[in-house]
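Please examine the fold shown below, strand by strand.

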Amino acid sequence: MTTLTKPEGSPAPSSAGSAFLSVRDLYVHFSTEDGTVKAVDGLSFDLERGKTLGIVGESGSGKSVTNLSVLGLHDPRHTETRGEIILDGQEMTGAGERTLEKLRGNKVAMIFQDSLTALSPYYTIGRQISEPYRKHRGVSKKEAWDRAVEMLGKVGIPNPRLRANDYPHQFSGGMRQRAMIAMSLVCNPELLIADEPTTALDVTVQAQILDLLSDLQQEFGSAIILITHDLGVVANVADDLLVMYAGRAVERGSVREVLKSPQHPYTWGLLGSMPRLTSDVNEPLTPIPGTPPSLLDPPSGCAFHPRCTFPSEVGGGRCESERPQIPAGRGAACHLTADQKQSLFIEQIKPRLGLSQS
Ligand code: SF4
């Protein structure tokens, strides 16, 4: 079970202008036999060096698609990408394959959810960690191998010199995940994208992996994007939070702000569907009604309106017809007024979440 607390003194939200990664008006649409899938539909965010941005949302909300775009990993034959992705001053959306190849694994690296499919079963762990280092740094095999052993030690693999000769199937799930982190960090990437890095792990190993990411971030000063469906995970490690729904950002702010006073009905739903340390074990969780929308034909107006209980508070059919915009900085894409959000949160949502009224 995860908790919703971030230690006091958490860094302030990212400010535009000094961003290491800047995404502006990003659209990622896929052509399929059934039509165009609007996987990301007008997304903007910033990330500074040394900070962690948590991106949360259900499956199909556009989290992973956004980050694969940063790495230029979509097939251009079936993908239309519009907007800007600027990484350390370098425009990524129009970059050629050679430029992207140089950046991947070197300046930007990704940790995938499933280490078993991300690691090749045919090569030793040591080889899989040392190869990218040799390729990007042009060092000898021996130097690269020593570096792989050093990285395995850093991620807490016992007897790293010995274990570097093992194949992935000889590692436990938690150890494979650590090995994948070692592989991702071997070139000291400035941006690390971790896509559900702990989903397949039990809670103890999950906590160890998250601690490890924080420690390594301190050491290397990397910026991290942490993609997850679990608000509890980001609460413990992220500085800023972006909540996505149907390919759009619906709420953003610092982790403390969003978790202390969430403003969007979808965020309220995500919080209500999480287990809490204080809840009775027999108390049922409250899932968000309905299912995520089809991105082939997303709902008009606010994409969340078919699942939201508050369109009548807004009135005038606005939720069904008018797309709400997300303000710059802290805020939510919702037509409810600030007063309505506050009173609904205090009177209806807080008691449902078991939060104190103070
Ligand atoms: Fe709900 Fe309307 Fe706000 Fe969308 S805009 S979240 S439908 S109240």
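Strands here are DSSP runs of E with at least two residues, helices are runs of H or I with at least four, and both are numbered from the N terminus. β3 and β9 (residues 240-245) pair in the parallel sense over four bridges; pairing requires that DSSP find at least two bridges between two strands. Strand β8 (residues 223-228) also runs parallel to β3, joined to it by five bridges, and G54 faces L226 there. Residues are numbered from 1 along each chain as its sequence is written, and side-chain values use heavy atoms, with hydrogens and water left out. Because the model is predicted, local features need pLDDT of at least 70 and side-chain atom pairs count only at pLDDT 80 or more, whereas totals for chains, interfaces and linings use all residues.

How many residues of strand β3 are buried? Five of the five residues in β3 (residues 52-56) are buried, so the strand is largely enclosed by the rest of the structure. Buried means under 20% relative accessible area, with exposed over 50% and partly exposed in between (1.4 Å probe, protein chains only). Both faces of β3 are covered, with T52, G54 and V56 on one side and L53 and I55 on the other.

Elsewhere, four strands form an open sheet in the order β2-β1-β4-β5, with antiparallel pairing. β2 (35-47) and β5 (90-91) stand at the edges with a single partner strand each, so one side of each is left without a neighbour in the sheet. Two bridges join β4 (residues 79-87) to β5, and L87 has Q90 as its bridge partner in β5.

The largest nonpolar core has 102 residues, and L21 and L191 have the most contacts inside it. Such a core is a set of buried Ala, Val, Leu, Ile, Met, Phe, Trp, Tyr and Cys residues joined through side-chain atoms within 4.5 Å. Leaving aside neighbours within four places in sequence, L21 is in contact (heavy atoms within 4.5 Å) with residues including F45, V70, I85, L191 and I225.

Over the chain, the secondary structure comes to 14 helices and eleven strands. Of its 358 residues, 49% count as buried. Residues 24 or more positions apart account for 66% of the contacts with a separation of 6 or more.
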